[in-house]
Amino acid sequence: MKFSILTLFPELIETYTNASIIGRAVKSGVISVEAVNIRDFSADSHHKVDDSPFGGGSGMVMTCQPVESAFESLGALKEPARVLLTTPTGRRFDHAMAVELSQCQQIVMLCGHYEGFDDRIKTLIPRIEEVSIGDYVLTGGELPALCMLDSITRLLPGAVQKFSSVEADSFYDGMLDYPHYTRPAEYKGLKVPDVLLSGNHAAIAQWRKQQSLDKTRTNRPDLLEP
Ligand code: ADE
């Protein structure tokens, strides 16, 4: 899968996507990432990419021209493709959307900054979908883009060594993950639950299922609502 990320800070994208599990997914060809600097496409002699809002108010708004030109520089997209614009006013991103997006050949992400984009960008690039990663506001769209890239990449065959660990994770079956323990079996008097040392796989599976349910009931009861 190809990720094309249009941003004013390509170095933020490059640093993250060159490290750890995502870095390995890039090296092994599971994904490719191109970070496109929107500023490089500004027709303004000072490479300006923003201006003050019509109607007044604080903050700056990203102008249409550099974003549209940066998008056009991508050429024909590898279909099926999706074009996402990161904004706190977008549709909420979640596990189901990550699964949906993992079927794409290419995902383009437009990272907003300041007060976001001139709204006409949605008419100029009609396939844009506005997406939010949660009900809070960040200073820019790079972290949301990287959150989405990371969670989509984990779902792709070959990205994570054991896909069974992805399937056991939170949200895969609609519930939160159960607690995990490793060696030593006792640390500072704190013991690992006996059942995990019992070797009884059926009992372990039953315990984990119950723990998942209890944790979901406590931390995210909304996930259990019909
Ligand atoms: N940009 C700023 N805050 C954001 C959020 N919560 N989700 C997506 N993009 C954003």
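Q: How do the axes of helix 1 and helix 6 cross, and within what distance do they come?
A: The axes of helix 1 (residues 10-17) and helix 6 come within 10 Å, and they cross at roughly 30°. Here axes are lines fitted to C-alpha atoms, for helices over the stretch in contact, with angles from 0 to 180 degrees between N-to-C directions. Helices are DSSP runs of H or I with at least four residues, strands are runs of E with at least two, and both are numbered from the N terminus. One word on the source: this is a predicted model, where local features need pLDDT of at least 70 and side-chain atom pairs count only at pLDDT 80 or more, while totals for chains, interfaces and linings use all residues. Residues are numbered from 1 along each chain as its sequence is written, and side-chain values use heavy atoms, leaving out hydrogens and water.

Q: Why are helix 1 and helix 6 called roughly parallel?
A: Angles under 35 degrees count as roughly parallel, over 145 as roughly antiparallel, 65 to 115 as roughly perpendicular and the rest as oblique. The crossing is at roughly 30°, so helix 1 and helix 6 are roughly parallel to each other.

Q: Which residues make the contact between helix 1 and helix 6?
A: Helix 1 brings Leu12, Ile13, Tyr16 and Thr17, and helix 6 brings Glu142, Leu146, Leu149 and Asp150. Contact means heavy atoms within 4.5 Å.

Q: What makes Met109 a buried residue?
A: Buried means under 20% relative accessible area, exposed over 50%, and partly exposed in between, using a 1.4 Å probe and protein chains only. Met109 has a relative accessible area of 0%, so Met109 is buried. This residue is found in strand 6.

Q: Which residues does Met109 touch, leaving aside its neighbours within four places in sequence?
A: Among them are Phe3, Ile5, Leu84, Ala145 and Leu149.

Q: What is the largest nonpolar core, and which residues have the most contacts inside it?
A: A nonpolar core is a set of buried Ala, Val, Leu, Ile, Met, Phe, Trp, Tyr and Cys residues joined through side-chain atoms within 4.5 Å. The largest one has 28 residues, and Ile31, Ile107, Met109 and Ile152 have the most contacts inside it. Helix 6 gives the most to this core, with five residues. A second, separate core of 20 residues includes Leu6, Val49, Phe71 and Leu74.

Q: How many helices and strands are there in the chain?
A: The chain has eight helices and nine strands. Of its 226 residues, 38% are buried.
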